[in-house]
Structure formats: C-alpha cells, structure tokens
Amino acid sequence: MTTVGEEVARQALRLLAESGTASAERLTRLRTEVAGDARARESVDLALTVSERLAERDRRERELTALYETAGDLSSLRDVEEVLQAIVARARGLLGTEAAYLMLIDEQRGDTYVRVTDGIHTDAFKTARLAMGAGLGGLVAQTRQPYATPDYPHDERFVHTVDEVVGDEGLIAVLGVPLLLREKVIGVLFAANRRERPFADAEVALLISLATHAAIAIETASLFADVRAHGDLMERAADVHERLTTVAAEGGQLPEVAAVVAEVLGADVIVADPGLRVLASAGPLAPAAGDPVTGAVAETCRSAITTRATAATREGCAAPVVVDSRVLAVLVACRGGLGVDDQRTVERAALVAAILLLTERQLAEAEHRVRGDLLTELLADAQPDPDGLRRRARLLGWDLDRPHAVVVAYPERAEDRRIVASALASWAARCGGLCGEHGRDIVVLLPGTDPACAGPAAVDRLRRAVAAPVTVGAAGLGAGPAGLRDAHRDARHCVDVLCALGRVGTAASPPDLGAFGLLFGPAGRERVAAFVQRTLGPLVAYDTQRGSELLRTVEAYFDADGSHVRAAAALFIHVNTLYQRIERINALLGEGWRTGAEGLQVQLAVKLHRIVTFTDQHSG
C-alpha cells in the first residue's frame with residue numbers, strides 16, 4: 001500500500017519535472033498542505049531546493065547568452081553614438097531596470113556629463129554635468145569599484161550634489177559600475193529603478209561584464225571616428241577586434257587569443273601568469289605551456305606587471321591582463337619594430353584575455369559554490385544522511401570513502417579571504433580534491449595517496465604561495481563522513497593551537513605540536529584538563545574568586561626567562577608589586593614552582609591552559 005509520504009514524494013517529483021515558476025509555486029502550496037507530515041514535508045523541501053538550483057542555473061545561462069549576444073552586437077557597430085545607445089539599452093534589458101544611463105569623463109573641461117540615456121524622461125537629467133568626483137558617479141570613478149544603493153535619497157555614504165535632478169526623475173535604486181580602459185576610468189554605467197530595489201551580487205557582476213565589453217566597443221568605435229581616413233589601418237583593427245570578440249563570444253580560450261595576435265602581427269605570442277609561467281602561446285619559437293619565460297622577454301613582462309601598463313622594448317610589446325584591479329596575466333608579442341598600432345592590438349588582446357579569465361573565474365566560483373555546499377553539509381554538526389552525501393559526492397566525481405588529508409586555512413585578514421580561497425581551490429583541483437568555506441575557515445580535502453599534495457611540505461608551500469597571512473592546520477588521513485569530520489576537527493584544533501601560541505601565519509599538523517598534541521580527542525582534552533587542574537588549580541581558583549592576575553604573572557615570568565624587571569615591564573606593574581605576587585604564588589604552589597622539573601610542569605600547564613581557554617572561546 002502506498003503511504004501518504006510516498007504519494008507526496010511522487011507528486012513533488014512530477015511538479016519538479018514540469019519546472020518553471022508555476023511548478024515552484026505549486027510545490028510551495030504543496031508544502032503548506034503537508035505541513036503536519038514530517039516525511040512528506042522533507043520530500044517537498046528537497047524538491048523545492050532542486051527547483052531553486054535549476055532556476056538559478058537557467059538564469060545564469062540566460063545571462064551569459066545575453067552577454068555573448070551583446071558582445072557580438074557591439075562588435076558590429078562602428079558609430080560611437082550607436083555603440084553608446086546600444087550599451088545603455090542592453091544594460092536596462094539585462095538587469096530588467098526602469099532606466100539606464102552612461103556618464104563619460106570630459107578631460108578637457110575636467111568634469112563628467114550624462115552622455116546617453118534609456119528610460120530617462122526629464123531634460124535636466126539628460127543634460128546634467130557634475131564636477132569631477134562629485135555624487136555617486138564620482139565615487140564610482142574615484143574608487144574604480146561598483147556601487148549599489150537601494151535607496152539613493154537616504155544613502156549617506158556619499159556627498160549628494162544632484163538630488164534635485166535625480167528627485168525630479170524619481171530614481172530611487174541605483175547601481176553604477178566603472179568603464180575601465182587599460183586601468184583608466186572613461187565613464188560610469190548606471191542601471192536604476194524608481195522604487196527601492198536591492199541589487200544582487202550576480203546583477204553587479206553582470207553589469208561589470210557588460211561594462212568591460214562596452215569599454216572595448218567604445219574604444220573601437222572611437223578609433224573608427226578618429227582615423228576613418230586611414231582605411232587600411234582601420235580595416236585591420238576591425239578585423240582583429242572582430243576576430244578577438246568572436247573568440248570571447250564563442251567561449252574561446254587563451255591559446256586562440258594568442259593565435260590571432262601571432263597571425264596578425266607575425267610574432268611569437270605568449271600569455272604568462274604573474275610568476276612568468278606560460279599559460280598559452282603561439283608561434284614557432286614560443287615556449288610551451290608550463291615553461292618559464294626567460295631572458296629579455298621576461299624583463300619586458302615584469303615591467304608591464306609592475307607598472308600595470310603596456311611595456312614596449314626592442315624584444316617586443318607586453319600588456320598586463322587586469323581583472324578586478326589585479327594583474328592575473330601578461331600578454332607579450334615577441335618581435336622587434338612593433339609600432340603604436342601593433343601595441344594597441346596587443347592591448348586589445350589583453351582586454352579580451354581579461355574577459356576570458358573573468359568568465360572562467362565566475363564559472364569556477366559557481367562550481368566552487370556547489371562543491372562548497374557539499375563540504376559544508378559533510379562537516380555540519382549533524383549528518384542525517386551519510387549515504388545521501390556519498391551519492392552527491394559521486395555526482396561530482398569524488399569518492400567520499402577514499403582516504404583524504406584535511407587542510408584548514410584561517411586567513412588573518414578578512415580582505416585576504418578571497419585570495420586564499422582561490423589559491424586553495426586551484427590547489428584542490430590540481431590534486432583531485434575538494435575545497436569550500438566552512439565557518440571562518442577555508443577547508444580542503446586532498447587525496448591522501450598523493451604525498452606531493454597532502455604532505456607537510458606541500459602545505460607549507462601553499463601557505464607561502466597565497467602571499468597573505470594565513471594559519472594552516474593539516475590532519476588525516478580520514479575516510480568516510482565520520483573519518484573526515486574527525487580529521488577536520490584535528491586540523492581545526494591545529495589552527496587554534498597555533499593562534500593561541502602566537503604562531504599566526506605558520507603551518508602545522510598534530511605531530512608538529514609535540515606535547516600540545518595531547519589536546520586532540522575528547523580523552524586527550526580530559527587528560528589535559530586534569531593535568532592543568534592538578535598543577536595550577538589553586539592559582540586558577542584564586543584568580544577566579546578575587547579577579548587577580550596570578551596566572552598571567554606566572555606566564556609573564558616564564559616568558560621573561562625569570563627576569564623580574566622584564567616580567568614587571570610586560571605586566572605594566574612595579575617590580576615590588578611583582579615580588580608581592582610571587583610571594584602569593586609561592587604560598588599557593590610551593591617554593592619550587594620556578595625551577596627544575598616542577599618549573600617545567602608549571603610552564604607546560606600554563607601554555608596548555610592558554611590553548612584550552614582559546615579553543616573554548618573560539619569553538620564554532
């Protein structure tokens with residue numbers, strides 16, 4: 001006989017198969033109808049989760065398709081006015097806003113002005129001019145960062161200079177992103193609504209991508225307007241731009257960009273990472289992918305990376321590939337005698353390479369989020385369905401029961417989190433592992449059968465490679481949900497111990513911690529607690545009852561190698577006060593607490609007490 005739960009599960013699957021908004025709404029109603037049946041509600045909840053993820057994937061696919069179509073449309077336009085109008089129209093359409101407009105910088109007059117609009121009604125807005133750096137647009141241009149406000153009139157994070165013009169137009173929610181051309185801000189692209197409306201991160205990223213395409217299209221159209229008389233030159237520029245844009249629009253790769261530039265310029269072309277390791281190349285004498293760039297060409301590349309600008313030498317021309325204000329690569333054409341127009345070809349190719357790397361990173365981040373969700377559930381406090389986790393892992397091509405080492409990285413600075421996560425994700429991908437964020441950490445699971453990936457030396461190399469203060473703990477091997485959770489706990493405790501001992505920015509595994517490794521596991525913690533109580537119990541009780549600092553005094557005394565003067569200075573007290581405290585400690589612990597084996601026991605107990613206190617305060 002079919003149970004109610006089974007029938008609801010089948011009904012949820014049928015609704016899920018239908019997909020679409022109506023299906024999601026019916027699933028929501030179905031959840032309300034079965035609210036009293038926990039098993040049935042769980043089936044509907046799972047169906048709703050899948051429905052939401054499918055909808056998010058479809059939305060992303062539609063956005064990418066629209067973005068590629070936009071790149072193709074812009075590449076076919078030659079008139080500056082047509083290009084600008086197409087940009088704002090696409091911005092409004094892609095984000096579904098009520099209005100969009102573009103402000104450009106007038107370098108001759110030293111201000112900014114509204115150049116073209118779509119959905120704007122008032123003449124005052126269409127002809128508005130602002131002093132350089134004024135208003136929301138000035139903030140975006142000055143910081144080179146996107147800025148979104150759901151309620152412009154009441155946003156106090158910038159100086160309001162054109163509120164009357166904006167108010168007459170009725171704009172409330174505003175999103176602005178910079179138009180960057182070779183790290184130079186040439187304008188700001190806006191999307192806006194006449195009602196409060198928060199802008200999601202995906203919408204901000206989408207408008208940034210459009211602005212990247214727009215900057216290239218504006219430059220190309222401007223070149224056509226400025227040098228229209230030079231037909232042959234412009235034909236070649238158009239051909240190069242169209243070919244490079246086609247590579248970007250069709251989801252091409254860096255080798256294709258290198259091949260186009262190599263053919264047009266008759267040169268060997270190299271795309272290398274900031275460490276000057278070849279990512280892609282074209283030409284008979286170009287080094288292969290993975291090889292280092294050497295000699296005079298390497299110096300040209302370093303100059304472009306350091307100055308973040310095109311570097312031209314007798315050996316060739318190099319342009320930095322910049323994404324989100326970071327140099328991710330450098331593109332160099334190796335040939336003497338390259339002219340100004342050839343340099344522009346190299347720069348244009350670098351912009352297209354930036355688009356490809358940006359798209360690749362966005363796709364990688366989406367994949368990272370999916371894997372991160374699995375990792376989060378794997379390490380969660382409760383695991384209701386280990387077999388379900390195993391099935392999801394297999395769908396990602398990952399064997400949950402294979403022995404893995406677990407690495408926990410804790411960035412000291414919040415602003416380094418993205419850099420560390422990106423480096424760890426790349427490392428995990430190379431080793432066939434899994435990476436994701438869990439709480440305040442970035443966690444990596446690495447196949448333990450590969451010592452090059454899971455060994456302590458590899459962990460230390462990774463810590464240095466991310467070029468950011470990060471504390472790393474590694475443990476394992478662990479297999480299966482329970483084993484991996486235990487290994488993660490030990491790796492996390494490694495990080496806690498390092499932080500508690502003041503060794504932030506270092507790496508360790510449990511064996512590296514020596515006696516402090518006693519902390520790992522419930523039994524170990526019980527032994528440590530008993531040891532600390534037996535050794536320091538009277539001091540801890542005295543401090544707790546009287547609010548004194550005898551335990552801190554003992555720690556300062558040992559840290560100062562028994563120097564009364566240095567210990568008193570560290571505690572910010574007079575030496576006489578220190579002597580008084582030592583007399584009280586002698587009374588509580590006995591005269592021998594400072595020397596010999598008893599002194600070693602007390603010193604170890606103080607360190608262990610600090611670690612236990614730190615981990616208790618930072619657990620979770």
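Helices (H or I, at least four residues) and strands (E, at least two) are DSSP runs, numbered from the N terminus. Residues are numbered from 1 along each chain as its sequence is written, and side-chain values use heavy atoms, with hydrogens and water left out. Because the model is predicted, local features need pLDDT of at least 70 and side-chain atom pairs count only at pLDDT 80 or more, while totals for chains, interfaces and linings use all residues.

Let us stay with β14 for a moment. Two strands count as paired if DSSP finds at least two bridges between them. Strand β13 (residues 434–438) also pairs with β14 in the antiparallel sense, over 5 bridges, and here Gly436 stands opposite Val443. Between β13 and β14 there are 2 residues, which makes the two strands a hairpin. In the turn of that hairpin, Gly439 has a positive phi of about 65°.

How many of the 7 residues of β14 are buried? The count is 7 of the 7 residues in 441–447, so the strand is largely enclosed by the rest of the structure. Buried means under 20% relative accessible area, exposed means over 50%, and partly exposed is in between, using a 1.4 Å probe on protein chains only. The cover extends to both faces of β14: Asp441, Val443, Leu445 and Pro447 are buried on one side, and Ile442, Val444 and Leu446 on the other.

Now step back to see the whole protein. It has 22 helices and 16 strands, and 48% of its 620 residues count as buried. Taking contacts (heavy atoms within 4.5 Å) with a separation of 6 or more, 57% are between residues 24 or more positions apart.

Another stop is an open sheet of 6 strands, with the order β3-β2-β1-β6-β5-β4 and antiparallel pairing. Its edge strands are β3 and β4 (147–149), each of which pairs on one side only. From one strand to the next, the twist averages 20°. Within this sheet, strand β1 (residues 99–106) and strand β6 (residues 184–193) are linked by 6 bridges in the antiparallel sense, and Met103 has Val188 as its bridge partner in β6. Helix α6 (residues 135–143) lies across β3, β4, β5 (173–181) and β6, running at about 135° to β6. Angles like this one run from 0 to 180 degrees between N-to-C directions, and the axes are lines fitted to C-alpha atoms, for helices over the stretch in contact.

Ala131 gives us a closer look at strand β3 (residues 129–131). Ala131 is partly exposed, with a relative accessible area of 49%. Leaving aside neighbours within four places in sequence, Ala131 is in contact with Asp111 and Thr112. Tyr113 is 18 residues from Ala131 in sequence and 8.8 Å away in space, C-alpha to C-alpha.

Next come two helices that meet. Two packed helices are described by the angle between their axes and the distance between the axes. The axes of helix α19 (residues 550–559) and helix α21 (residues 575–589) come within 10 Å and cross at roughly 105°. The two helices are therefore roughly perpendicular to each other, a label for angles of 65 to 115 degrees, where under 35 counts as roughly parallel, over 145 as roughly antiparallel and the rest as oblique. On the α19 side the contact is made by Leu550, Thr553, Val554 and Tyr557, and on the α21 side by Leu578, Arg581, Ile582, Arg584, Ile585 and Leu588. In α19, 8 of the 10 residues are buried, so that helix is largely enclosed by the rest of the structure. Just after α19, Asp561 takes a positive phi of about 55°.

Our last stops are single residues. Glu347 lies in helix α12 (residues 340–378) and, at 10% relative accessibility, counts as buried. Not counting residues up to four places away in sequence, Glu347 touches Arg182, Thr310 and Ala319. As for cysteines, the structure holds 0 disulfides, a disulfide being a pair of cysteine sulfur atoms within 2.5 Å. For Cys301, the nearest cysteine sulfur is that of Cys334, 7.0 Å away. Cys301 is buried, with a relative accessible area of 0%.
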